[in-house]
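Subject: Structure for you to look at

Hello,

Please find the structure below, as promised. My notes on it follow, and you can read them with the model open beside you.

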Amino acid sequence: MFRRNRKTSDFGAEIEAHFNFETERLREEGLSEEDARAAARRTFGNVTQVKERFYESKRWLWWDHLWQDVRFGLRMLTKSPGFTSVAVLALALGIGANTAMFSVIEAVLLRPLSYSNADQLVSVVSMWQRGGVTTPFSCSPPDFFDWRDQNRSFSSMFAFHTSERALTGRGDAKRVRLVVATADIFSALEAHPIVGREFAAEENRKGADHVAILGYSFWQAEFGGLPDAVGKTIELDSEPYKIIGVMPRDFRFPLRGSDAYVPIGFDDKVMTQRGAHYLRVLGRLKPGVSVAQADQDLTAIMAELRRLYPDKDGKWGVHAERWSRALVGDIRPALLVLLGAVGLVALIACANVCNLLLARATVRQRELAMRRALGAGRFRIVRQILTESLMLAISAGAASLLLAYWALQAIVYFGPKDIPRLANVGLNTAVLTFTLGVSVASALLFALIPALRSSRMEIGGLLKMSGSSTREAGRARNVLLVGEVALSMMLLAGAGLLVRSFAGLRSVSPGFDPEGLLTLDVSVPEAHYKNSLALEGYWDRALSNLGGLPGVTSVDAVTPLPLSGDDWSSSFSVEGRNIPEKDQPSAELRWATPNYLRTLGIPLRKGRTFTDADRLGAARVLLISETAARMFFPAGDAIGQKVNFGARGGYEKNEGEIVGVVGDVRHFGLDAPIAPTFYVPLSQAGIDGATLVIRGQASPAALGQPARKRVQEIDRDALVGQPVMFETLLGDSLGQRRFYMMLLGAFAALALVLAAVGLYGVISYSVAQRTQEIGIRVAMGAARSKVLSMVMKNGLGLVLLGLAAGQGMALVLHRTIEGLLVGVSPTDAPTLLVAAAVLLLVAILACFVPAWRASRMDPLVALRFE
Amino acid sequence: MSTQDRERLELLQGTLDLLILRTLIFGPQHGQGIARAIQQTSQEELLVEHGALYPALQRLEERGWISAKWGISTNNRKARFYSLTVAGRKQLGKETTKWKRLTAAIGRILEAEEG
């Protein structure tokens with residue numbers, strides 16, 4: 001209600017003025033000053049009381065009424081515990097799901113990265129343009145230097161790559177996670193060592209680069225947190241590094257943190273390696289510069305580089321994106337879609353409670369009418385209903401926190417590891433504020449219709465409980481119910497689509513058989529193996545040592561391993577084809593031991609596979625995948641062609657004659673396209689790191705630790721990872737999809753339950769209202785089956801309407817989940833039909849219970865009802 | 001003659017609002033002025049408890065029947081002046097009719113008893 005805001009002091013001044021007038025008047029009548037003043041006060045009465053009344057009217061009355069409403073609300077809510085608990089539970093489910101989902105969004109998308117002024121950090125990537133498709137890619141050192149030196153948008157820019165090295169010289173080699181970065185990394189991140197110093201610029205150069213800054217927890221673990229660690233030396237891959245500093249406890253870069261940071265150590269030839277894309281680049285924006293401006297700036301520089309170096313940069317562009325955004329690339333739209341879906345669950349819960357309130361409002365009509373008749377204003381009644389609704393919603397919000405807490409534990413446990421910061425979810429202030437907001441908003445939402453209706457009621461009609469107003473309430477309830485069913489239908493069909501898509505992916509063949517295979521990452525220190533012969537010797541020993549392990553049937557080595565997240569691609573030339581460097585085709589490269597293809601069950605299509613004779617010193621040979629053969633040798637003449645990839649990845653050139661065509665492998669995951677691939681014999685390449693693939697007789701998992709020990713025995717300084725089953729890698733590759741499917745599935749299940757409860761409630765209520773009528777029908781001889789079908793028809797009519805509406809909405813809104821689907825159209829008819837069938841089945845159950853009860857009704861009891 | 005000497009009629013519940021509205025029809029007036037005007041116009045028959053006046057003014061203001069602003073009185077004092085709004089004028093018309101009907105009815109009853 002509108003109320004002028006008048007201060008108490010203003011009121012006091014008015015009364016003071018009144019006394020002055022009155023005193024003056026009385027003095028004119030002949031009284032003394034003193035008498036006049038006394039008389040004025042007498043005529044006025046109790047001044048304080050009047051002021052108090054003014055004060056009350058402003059504030060305390062409002063508070064009093066609120067308190068009255070709350071107490072009255074509490075009485076009403078405790079008087080009908082059934083209504084209250086169903087309403088609170090339904091809301092708690094809806095709000096809890098929203099709270100959990102929002103926690104995920106908050107931790108993954110919204111929470112600022114834990115670097116100072118993290119908003120200024122921008123990720124810069126090269127963009128590889130081929131065949132009309134642009135793919136983000138790592139950057140090459142010369143490009144990075146040109147961007148860094150020519151841009152006008154960044155105050156600093158650094159490049160890095162992550163790697164793993166072995167911590168040697170302290171017993172068995174330990175895995176060390178390493179960030180290899182240009183010297184200005186810490187000034188760009190605005191983070192500084194707590195002990196020691198940062199990198200100096202000259203430490204960027206090869207030869208001066210053997211210094212290390214330790215991460216805090218590595219420092220604690222290896223040096224007990226003693227400051228005198230600085231100045232000591234650690235061995236990484238058997239090479240000494242002088243420790244020059246330690247980073248603070250809360251410093252983590254990249255997001256998961258690192259054990260140590262070392263300078264990148266470019267040699268003199270670095271500026272010639274414009275085609276070597278292996279760096280990640282981050283920049284810090286100057287204040288006031290937008291990401292778009294920086295992107296334009298870099299794009300202009302890149303255009304010039306393309307002109308200057310058409311051979312190396314001709315097909316490359318550049319793209320700048322806020323780092324926080326780049327980190328969650330395609331995770332972001334998926335999470336937002338899920339947030340939308342969970343919002344629908346909340347809407348269904350609100351519709352449910354709204355329905356309950358409407359049913360109850362009909363029962364409470366007389367009470368409300370009585371209050372109106374006794375002088376309560378419309379506003380007061382509306383306020384009463386709002387207060388009760390808020391109490392319901394806020395208790396539900398509190399209860400939802402418990403549900404959300406459990407849900408979050410499940411999410412952290414089952415959630416995929418490759419969603420950054422997912423493990424940091426928690427019920428923090430931001431989340432609690434969100435929950436409160438959702439609670440209040442839902443209270444307003446579900447109280448709106450009942451409150452409006454009650455304020456419109458005519459007192460006379462109410463006391464008589466006119467039929468028209470109950471009919472109107474019935475209509476509102478039916479509309480809500482149809483809406484609930486429609487939304488549930490949509491969610492259910494959406495979840496169905498994700499399940500179908502996931503099931504489809506599961507049945508996609510990866511191109512090999514991962515069953516029963518154990519994988520073991522091994523990398524050896526370069527310092528121990530200065531040439532290809534030494535490396536060949538190491539791998540030979542590893543394979544024969546493991547082969548002698550009881551229970552092992554075959555051992556092979558490959559790098560990079562399919563589904564491991566690592567890959568290696570390079571451009572290549574074909575003998576006899578004269579193609580300028582920039583137009584050279586590019587393909588994936590794998591290095592493997594002779595028996596690898598057979599062990600993984602990758603079929604040979606043509607020619608031969610590797611043999612034990614394909615060793616260092618023998619003729620260089622290559623294998624080609626079907627897709628690559630088709631792409632690069634469409635005439636079918638791949639075998640016999642000579643191909644050269646140059647010397648990247650190992651000591652030797654990756655070149656040779658194609659001797660066989662083999663089956664395709666889905667290296668990047670079941671949902672990723674097949675990449676054209678070449679295989680090089682591991683021993684012909686001089687490779688210092690690979691994954692051992694072990695097949696065992698009985699339970700391969702039990703072979704893991706003994707196998708690991710055997711490998712460590714060959715060279716204590718070699719880094720041997722933990723054994724992982726290949727099937728786990730396969731499962732992890734679908735981790736995000738499984739996660740999204742599980743979440744949407746859970747939301748759909750919630751929606752289904754809520755819709756069923758809503759349906760049950762509405763039908764039960766209408767049966768209760770029609771008790772007399774049904775009783776008369778039965779008494780007049782209506783068959784019980786007739787009563788049953790009458791009630792069922794009543795409910796199922798609404799359900800069918802809802803299903804139809806839901807199908808329509810699904811056809812439109814399912815476009816939003818198109819990005820989450822593989823091999824399934826968002827309007828997939830079988831999925832829609834199955835979802836409708838499931839919902840219908842549940843609806844039949846929900847209607848059947850009250851309908852059956854109605855049909856069993858004793859006509860005598862029914863007639864005596866009321 | 002001082003005002004306390006005469007015994008006056010106390011106002012009936014609910015009539016104060018009507019009298020305030022009526023008084024303001026002659027133009028803006030401050031609180032004490034309104035009280036004086038009611039007393040004088042009723043030829044000193046009606047007793048307006050000044051204390052009750054201000055809550056009543058407050059109430060009328062909130063309902064939008066009168067509006068108020070601070071101004072300077074004829075004898076150069078600051079005072080809060082009330083004036084009738086359009087809604088207040090309408091309300092006055094309604095209340096006046098109601099009151100006239102009520103008094104006429106009561107009058108008829110009283111006369112019937114006498115006769």
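In chain B, 53% of the contacts between residues at least 6 apart in sequence join residues at least 24 apart. Please keep in mind that this is a predicted model, and the values below come from it. Chain B has 115 residues, and buried residues make up 24% of them. Its secondary structure consists of four helices and five strands. Read from the N terminus, the elements of chain B follow the order β-α-β-α-β-α-β-β-α.

Next, the contact between the two chains. Chain A puts 19 residues into it and chain B puts in 17 residues. On the chain B side, three elements supply at least two residues each: α2 (31-41), α3 (50-63) and β5 (78-84). Of the elements of chain B, α3(B) gives the most to this side, with seven residues. Sorted by class, the side of chain B that touches chain A holds eight polar, six charged and three nonpolar residues.

Now chain A. The domain assignment divides chain A as follows:

- domain 1 covers 8-58
- domain 2 covers 118-327
- domain 3 is written in two pieces, 470-509 and 736-866
- domain 4 covers 526-714

Taken over C-alpha atoms, the centres of domain 1 and domain 4 of chain A are separated by 103 Å.

Strand β16 of chain A spans residues 586-592, and six of its seven residues are buried, so the strand is mostly covered; a residue counts as buried when 20 or more other C-beta atoms lie within 10 Å of its own.

Which strands pair with β16(A) in the antiparallel sense? Strand β13 (residues 552-559) of chain A does, over two bridges, and strand β14 (residues 569-571) of chain A does, over three bridges. To find these pairings on screen, look for A:T559, which stands opposite A:W591 in β16(A), and for A:S570, whose bridge partner in β16(A) is A:A587.

How does β16(A) run relative to strand β21 (residues 677-681) of chain A, parallel or antiparallel? The two strands run parallel, and five bridges join them. Here A:L589 has A:F678 in β21(A) as its bridge partner. When you inspect the side chains, remember that in a regular strand they alternate between the two faces of the sheet.

That is what I have for now.

Regards

Definitions and conventions. Residues numbered from 1 in each chain as written. Chains lettered and ligands numbered in written order. Predicted model: local features only at pLDDT ≥ 70, side-chain atom pairs only at ≥ 80, totals over all residues. Contact = placed C-beta atoms within 7 Å. Nonpolar A, V, L, I, M, F, W, Y, C, P; charged D, E, K, R; others polar. Buried ≥ 20, exposed ≤ 12 C-beta atoms within 10 Å, placed from the backbone. Pairing = 2+ DSSP bridges. Domains from an automatic or database assignment.
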